[in-house]
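Please work through each task before reading its solution.

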Amino acid sequence: MPVSIDRTEVQRLLQEEAAQVIEVLPTAEYEEQHIAGAINIPLKKLDRSSTANLQNDRAIITYCHDFQ
C-alpha cells in the first residue's frame, strides 16, 4: 500500500531496513541525475515484469522528481 513519507523516514528506511529506491523518471532524465544507488524503472514501464527482480522482503521507496 503506497504511503507518503518525509525525508527523515526515507533516511531511516535506507539505514535501518536497506530499503530499495526506485526512480520512475524517464531513462534520459535518470541518466542526467539520480539518487545514488537508485534503480531506474520509468513510470511508463512500471509493471509486474519490470519489478520482478525487486526484493519483496525489503521496503521499496518510489521517487520521481518533476522539474516543472
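A salt bridge is a side-chain nitrogen of Lys or Arg within 4 Å of a carboxyl oxygen of Asp or Glu. The model is predicted, so local features need pLDDT of at least 70 and side-chain atom pairs count only at pLDDT 80 or more, while totals for chains, interfaces and linings use all residues. Residues are numbered from 1 along each chain as its sequence is written, and side-chain values use heavy atoms, with hydrogens and water left out.

**Exercise 1.** Determine how many salt bridges the structure holds, and list their partners.

*Solution.* Step 1: the count is three. Step 2: Arg12 pairs with Glu9 at 2.9 Å, N to O. Step 3: Arg12 also meets Glu16, at 3.1 Å, and Glu17, with the closest N and O atoms 3.0 Å apart. Step 4: through shared partners, Glu9, Arg12, Glu16 and Glu17 form one network.

**Exercise 2.** Locate Glu9 and Glu16 relative to Arg12 along helix 1.

*Solution.* Step 1: helices are DSSP runs of H or I with at least four residues, numbered from the N terminus. Step 2: helix 1 spans residues 7-17, and Glu9 lies three residues from Arg12, about one helical turn. Step 3: Glu16 is four residues from Arg12, also about one turn.

**Exercise 3.** Classify Arg12, Glu9, Glu16 and Glu17 by accessibility.

*Solution.* Step 1: with a 1.4 Å probe and protein chains only, buried means under 20% relative accessible area, exposed over 50%, and partly exposed in between. Step 2: Arg12 is partly exposed at 26%, and Glu9 is partly exposed at 26%. Step 3: Glu17, at 37%, is partly exposed, whereas Glu16, at 59%, is exposed.

How values were computed:
Helices (H or I, at least four residues) and strands (E, at least two) are DSSP runs, numbered from the N terminus.
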